[in-house]
Amino acid sequence: MTFLDTGILVGAILKEHPEHVACLAAFEDSMEPFTNAHAMAETFATLTGFYKVPAHHAAMLILALEDAVAVEALALADYHTAIREARSRGVMGGGIYDSLHATFARRKKATRIVTRNPSHFHHAAPDIEILTP
């Protein structure tokens, strides 16, 4: 099972993304790909904020992802675990969001995390293989 991080989702669906080809290949090569609903919201925020994709177009792109990747909401327990472990894992500031993704991936028994930001995950998911496109 492969957890797909926000950066991979953005790069895979946005043809204008500088790493589109690599992200799309990583997306397509993933075994049993999954992500969480928070990553979908981050993808929307990145598309509409940074890349200025119109909201209706961004929403259509994201909803189309659900045909290719399993999406599940974070559980309250994921938040509790990520926050409880933050100090011991060296998580501070906005790093809590990637820590939430890592906590979710661990709970779902991911064997891999595919991300464009591997350093954001090594401390929070040391037992999972971290891959970059």
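Reader: What makes E85 and R89 a salt bridge?

Author: The closest N and O atoms of E85 and R89 are 2.9 Å apart. A salt bridge requires a side-chain nitrogen of Lys or Arg within 4 Å of a carboxyl oxygen of Asp or Glu, so the term applies. Both residues lie in helix 5 (residues 76–89), four residues apart, about one turn of the helix. Helices (H or I, at least four residues) and strands (E, at least two) are DSSP runs, numbered from the N terminus.

The model is predicted: local features need pLDDT of at least 70 and side-chain atom pairs count only at pLDDT 80 or more, whereas totals for chains, interfaces and linings use all residues. Residues are numbered from 1 along each chain as its sequence is written, and side-chain values use heavy atoms, with hydrogens and water left out.

Reader: Why is E85 called buried?

Author: Its relative accessible area is 19%. Buried means under 20%, exposed over 50% and partly exposed in between (1.4 Å probe, protein chains only), so E85 counts as buried.

Reader: Which salt bridges does E72 form with R107 and K108, and at what N to O distances?

Author: E72 meets R107 with the closest N and O atoms 3.6 Å apart. E72 lies in strand 3 and R107 in helix 6, so this pair ties together parts that are 35 residues apart in sequence. The side chains of K108 and E72 meet at 2.8 Å, N to O. K108 lies in the loop between helix 6 and strand 4 (112–114), so that pair ties together parts 36 residues apart in sequence. E72, D78, R107 and K108 are linked in a network of salt bridges, and the structure holds seven salt bridges.

Reader: Why does E72 count as partly exposed?

Author: E72 has a relative accessible area of 31%, and is therefore partly exposed. R107, at 35%, is partly exposed, and K108, at 24%, is given that term as well.

Reader: How do you know that F3 and F104 form an edge-to-face pair?

Author: A search of the whole structure finds four aromatic pairs. In the pair of F3 and F104, the distance is 6.1 Å centre to centre, with 65° between the planes. F3 is in strand 1 and F104 in helix 6 (residues 95–107), 101 residues apart. F3 and F104 are buried, and F3, F34 and F104 form one aromatic cluster.

Reader: What makes the link between N36 and H101 a polar contact?

Author: The side chains of N36 and H101 come to 3.0 Å. A polar contact is a pair of N or O atoms within 3.5 Å; within protein, one must be able to donate a hydrogen and the other to accept it, and residues adjacent in sequence count only if both atoms are side-chain atoms. The distance of 3.0 Å therefore falls within the limit. N36 is found in strand 2 and is buried, with a relative accessible area of 0%.

Technical notes: Rings of Phe, Tyr and Trp (its six-membered ring) pair if their centres lie within 6.5 Å; planes under 30 degrees apart count as stacked, over 60 as edge-to-face and the rest as tilted.
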